[in-house]
Amino acid sequence: MNSWREVEFEAIFDISSSKRVLQEDWKSSGVPFYRAREIVKLARDGFVENELFISEDLYETFQKKHGVPKTGDLMVSAVGTLGACYVVQSQDRFYYKDASVLRFSPKQELCSRFIQHAFRTPDIADQIQASSGSTVGTYTIQRANKTQIKLPPLPEQRRIAAILDQADALRTKRREALAQLDSLTQSIFIEMFGDPAKNPLDWPSMALGSVASKFSDGPFGSNLKSEHYVEAGVRVIRLQNIGVNEFVDRDKAYVSERHFETIKKHECRPGDVLVGTMGDPNLRACVLPDAIGLAINKADCVQIRVNPKVANSDFLCGLLNHPSTLLLAQDLMHGQTRVRISMGGLRGLEVPVPPISLQQTFAERIKSAEALKATHNAALQELDRLFASLQHRAFQGEL
């Protein structure tokens with residue numbers, strides 16, 4: 001690594017944010033408008049199903065007056081998940097949301113894909129996460145300018161990027177397969193029950209609380225604090241554990257059996273539906289797996305134990321994760337910087353409820369898709385492990 005040099009990003013990039021786009025300028029069609037969450041998905045998966053757009057006229061105005069992302073620029077998430085990095089492709093045409101995304105425009109000839117891979121290393125990730133005072137949770141232009149990177153000569157940048165790209169392509173294919181399986185589940189739901197927002201099959205409507213034998217969120221305030229967490233015991237379900245039809249078994253936290261007894265009325269059991277009411281998306285659900293056993297949910301993590309005579313857990317997850325249900329719940333969302341749905345509002349949400357026998361048929365039909373997803377997820381985890389090892393060697397100069 002004798003030929004590698006350590007530089008600050010400001011030496012090799014012009015780093016900027018966009019001109020502000022007012023919320024009233026957001027459209028349902030036109031030129032894609034990416035927030036940090038879309039950049040995170042692009043960086044991870046290479047594709048994104050975009051929800052927001054701006055008009056062609058506004059995009060042209062920005063292009064003439066301020067510039068827009070160009071091929072080889074790097075777009076970096078600056079709020080929420082910090083440091084997710086996407087390289088702009090020749091076919092891309094989009095704008096981005098002010099300080100939530102930073103644009104890195106190269107000042108010299110660089111291999112953008114090498115830089116993108118470098119953003120995934122602990123060295124740069126640690127620099128990005130280091131923050132204090134008012135900058136907590138943000139990656140500012142000032143901090144980005146001072147972030148350091150070890151930079152080899154251009155031919156070596158390209159060689160390392162090519163090796164890592166080949167390994168990364170295998171992970172991308174797995175993620176694409178998982179996305180297709182998620183789409184399959186939604187397709188089966190629509191085929192059997194129709195669009196929940198339109199209810200074309202005229203199923204009876206019920207308040208969500210009416211399909212449950214238990215409807216509860218977790219203990220508040222001093223009843224459950226981070227100081228109560230221990231190395232092992234009863235699992236604590238947090239927002240980051242609730243994915244779209246997936247229990248995300250990371251970021252594990254526990255409370256002792258003794259403390260569990262003091263908040264036992266909030267216990268969650270395998271088969272309960274867990275609903276995230278804040279985050280991305282603001283309404284998402286999964287079923288608590290058997291492997292987790294008894295657990296406790298935190299505030300903003302709503303637990304629904306279905307009445308088996310009225311509802312099936314898999315059907316309810318399919319319903320709550322459908323994009324149309326999110327539209328139904330829009331009026332229930334409150335807050336400026338931390339938008340959430342209250343448990344009371346969610347309890348009263350009117351949803352279509354088909355016969356329980358049909359719900360059970362749906363659950364049986366998606367079992368095979370879920371089994372395939374489990375296989376792909378296991379393979380993806382192994383690929384992630386191998387990629388991390390390869391990446392470590394690459395940035396140690398050992399490839």
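Modeller: Helix α2, spanning residues 36-45, has 7 of its 10 residues buried, so the helix is largely enclosed by the rest of the structure. This is a predicted model, and the description should be read accordingly. The buried positions of α2 are Ala36, Glu38, Ile39, Val40, Leu42, Ala43 and Asp45. Their cover includes the strands β3 (31-34), β5 (74-77), β6 (85-87) and β8 (101-106), together with helix α7. Directly after α2, Gly46 adopts a positive phi of about 85 degrees.

Residues 154-193 form α7, which packs with α12 (residues 356-395) at an angle of about 170 degrees, the two axes being 10 Å apart. An angle over 145 degrees counts as roughly antiparallel, and α7 and α12 are therefore roughly antiparallel to each other. Sorted by class, the residues in this contact comprise 25 nonpolar, 6 polar and 10 charged.

Within α7 lies Gln186, which is partly exposed because its relative accessibility is 35%. Beyond its neighbours within four places in sequence, Gln186 is in contact with Asn321 and Pro323. The C-alpha atoms of Gln186 and Ile366 are 9.8 Å apart, although 180 residues separate the two in sequence.

Turning to charge pairs, the structure holds 25 salt bridges. Lys146 and Glu8 form one of them through their side chains, at 3.6 Å from N to O. Because Lys146 belongs to helix α6 (residues 141-146) and Glu8 to strand β1 (residues 5-8), this pair ties together parts that are 138 residues apart in sequence. Lys146 is partly exposed at 47% relative accessible area, and Glu8 is partly exposed at 24%.

A further bridge joins Asp272 to Arg305, with the closest N and O atoms 2.9 Å apart. Asp272 sits in the loop between β17 (267-268) and β18 (273-276), whereas Arg305 is in strand β21 (residues 301-306), so the bridge links parts 33 residues apart in sequence. Asp272 counts as buried at 3% relative accessibility, as does Arg305 at 15%. Finally, salt bridges with shared partners join Arg44, Asp45, Arg120, Asp168, Arg171, Arg175 and Asp384 into one network.

Technical notes:
Residues are numbered from 1 along each chain as its sequence is written. This is a predicted model: local features need pLDDT of at least 70, side-chain atom pairs count only at pLDDT 80 or more; totals for chains, interfaces and linings use all residues. Side-chain values use heavy atoms; hydrogens and water are left out. Axes are lines fitted to C-alpha atoms, for helices over the stretch in contact, and angles run from 0 to 180 degrees between N-to-C directions. Helices (H or I, at least four residues) and strands (E, at least two) are DSSP runs, numbered from the N terminus. Angles under 35 degrees count as roughly parallel, over 145 as roughly antiparallel, 65 to 115 as roughly perpendicular and the rest as oblique. Ala, Val, Leu, Ile, Met, Phe, Trp, Tyr, Cys and Pro count as nonpolar, Asp, Glu, Lys and Arg as charged, and the others, Gly among them, as polar. Buried means under 20% relative accessible area, exposed over 50%, partly exposed in between (1.4 Å probe, protein chains only). Contact means heavy atoms within 4.5 Å. A salt bridge is a side-chain nitrogen of Lys or Arg within 4 Å of a carboxyl oxygen of Asp or Glu.
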